[in-house]
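The stops below are meant to be selected in order.

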Amino acid sequence: MLDIPLINPIHTTRDRIVQLQASCRSEVAWDMQRLTPLDSASIRFLVDTSVIPCILFHVKRVNPVGGKRKLFIVAMLALGMIQMTRGNGAAGAAEASDQWFRDAVWYQIFPERFCNGDPTNDPTPESCLGTWPDYVPEGWSVIPWTSDWYARQPWEIRTGEDFYHTAQLRRYGGDLQGIIQRLDYLQDLGINAIYLNPIFDSPSLHKYGARYFHHVDRHFGPDPDGDARIIASEDPADPGTWQWTSADKLFLQLIDEVHQRKMRIIIDGVFNHVGIPFWALDRARKEGPESRFADWFQITRWDDPETNEDEFDYEGWFGIKDLPVFRKPRGGMPEPVKLHIQAVLSRWMDPDQDGNPADGVDGWRLDVAEHRPLVFWRQFRKWVKKNQPRRLPHRRSVVGGLFPA
Ligand SMILES: [Ca+2]
Ligand SMILES: [Ca+2]
Ligand SMILES: [Ca+2]
């Protein structure tokens, strides 16, 4: 058992009871282990970590008066807020856990907003298309890095939209070079583990809707145009054709620089859904019901070629059309999608495929993990373990993020 104090607990008020649910088991799981009524001073809870240090938790706010519930999630942010210490029952099972994970001091990085280390690769108006809202306001430009967050640019004002609309259209130009440049700073802070928000290629600001899982975003690397040409020369369905773009290579350099500092790095695995321009959805849309990719997604309607409008439709995560979801058959994921994700996982965990995972990422944070059947994550964990031979010191971790359901 681990006794985990949550430093800086969630703010509570007198008319609300905050409960914290957590689980930590040998499988990637989120069954409730223990519910602990909290006071506003501290949060402590016990979790069982029998084999792998999988920490999943979310906070439930219950209004006892109206019975109205609000759920919200702190899984990602809380990674930087927890310190883990062994409780009285720590001996035994916890020994099998990864020591690095228990000693981790995390820093979460949203790459687009962390540091612009290379102004030559900044996003362009065209690079923002293909996702919400799929238009670029006239006069749009990358936001000056040190500008006042609340000061609106002329192009933002001209849209007539409110701040929270146009703020999502902003790009600041953060990239991997910026993270590399700041590693010494992070080390000086005492950080020894980095969690990167999604880095896979995507036109969106947040990159939770990928175009490709097997490439780092082209604008996070030094040569966006060159990377686009490399990607266009591949068959994404055939991992044998996958190449390393300049952004991919820079990410491998980042991993190396992190490991040289005896730090760790985990990345966001967004495998429940993709972005509208995801390559396989694009193929399905163009090829129709007979497409080999038709069964990858929850497609509800195909285009009628006899009409001018595009009737193609599908289910999105929480109904959000920008985030098309993979189907959920028995097994939790269509078989060909499993194969694709397995190849993706192997690519980032052992990039040179020499059997030694020292050149790969140290773990995964799984986005909206509870929206995908547990049977799939069990398999995912087996793939992770396959990429971390017991004889090697680089043990990997899986962290699942929860979202309100
Ligand atoms: Ca940049
Ligand atoms: Ca049509
Ligand atoms: Ca390797």
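**Whole chain**

This is a predicted model, in which local features need pLDDT of at least 70 and side-chain atom pairs count only at pLDDT 80 or more, while totals for chains, interfaces and linings use all residues. Residues are numbered from 1 along each chain as its sequence is written, and chains are lettered from A and ligands numbered from 1 in the order in which they are written.

Colour by pLDDT, the predictor's confidence in each residue, from 0 to 100. The chain has a mean pLDDT of 79, with 72% of its residues at 70 or more. Select residues 1-97: pLDDT stays under 50 there. Where pLDDT is low, the predicted coordinates should not be read in detail.

Switch to cartoon. The chain has 11 helices and 16 strands; these are DSSP runs numbered from the N terminus, with helices being H or I of at least four residues and strands E of at least two. Of the 405 residues, 39% are buried. Buried means 20 or more other C-beta atoms within 10 Å of the residue's own, exposed means 12 or fewer, and partly exposed lies in between, with C-beta atoms placed from the backbone. Contacts are pairs whose C-beta atoms, placed from the backbone, lie within 7 Å. Among contacts between residues at least 6 apart in sequence, 70% join residues at least 24 apart.

**Helix H8**

Select residues 246-260, which form helix H8. Its 15 residues reach 21 Å from first C-alpha to last, close to the 21 Å expected at 1.5 Å a residue; the expected span is 1.5 Å times one less than the number of residues.

Which residues of H8 are buried? They are Ala247, Asp248, Leu250, Phe251, Leu254, Ile255 and Val258. Look down the axis: these buried residues line one face of H8, because they fall within an arc of 160 degrees, taken over the directions from the helix axis to the C-beta atoms. An α-helix has 3.6 residues a turn, so residues three or four places apart point the same way.

Now show what the buried residues of H8 pack against: helices H5 (176-181), H6 (183-189) and H7 (224-232), and strands S9 (193-196) and S10 (264-269).

Select Phe251. Leaving aside neighbours within four places in sequence, Phe251 is in contact with Leu176, Ile199 and Val216. Along with Ile194 and Ile265, Phe251 has the most contacts inside the largest nonpolar core, which has 64 residues. Such a core is a set of buried Ala, Val, Leu, Ile, Met, Phe, Trp, Tyr and Cys residues joined through C-beta atoms within 7 Å.

Next select Ile179, in helix H5. Ile179 is buried, with 25 other C-beta atoms within 10 Å. Not counting residues up to four places away in sequence, Ile179 touches Ile109, Pro111, Phe114, Cys115 and Leu254. The C-alpha atoms of Ile179 and Asn116 are separated by 8.3 Å, although the two are 63 residues apart along the chain.

**Backbone details**

Most residues other than glycine have a negative phi, and most peptide bonds are trans. Just after H8, select Lys262, which has a positive phi of about 60 degrees. Lys262 is in the loop between H8 and S10 and counts as exposed, with 9 C-beta neighbours inside 10 Å.

Finally, go to the loop between strand S8 (106-109) and helix H3 (154-159), where Pro133 is found. A cis peptide bond joins Trp132 and Pro133, with omega about -5 degrees. Asp134 is in the loop between S8 and H3 and has a positive phi of about 60 degrees although it is not a glycine. Asp134 is exposed, with 11 other C-beta atoms within 10 Å.

Notes: Two residues are in contact if their C-beta atoms, placed from the backbone, lie within 7 Å.
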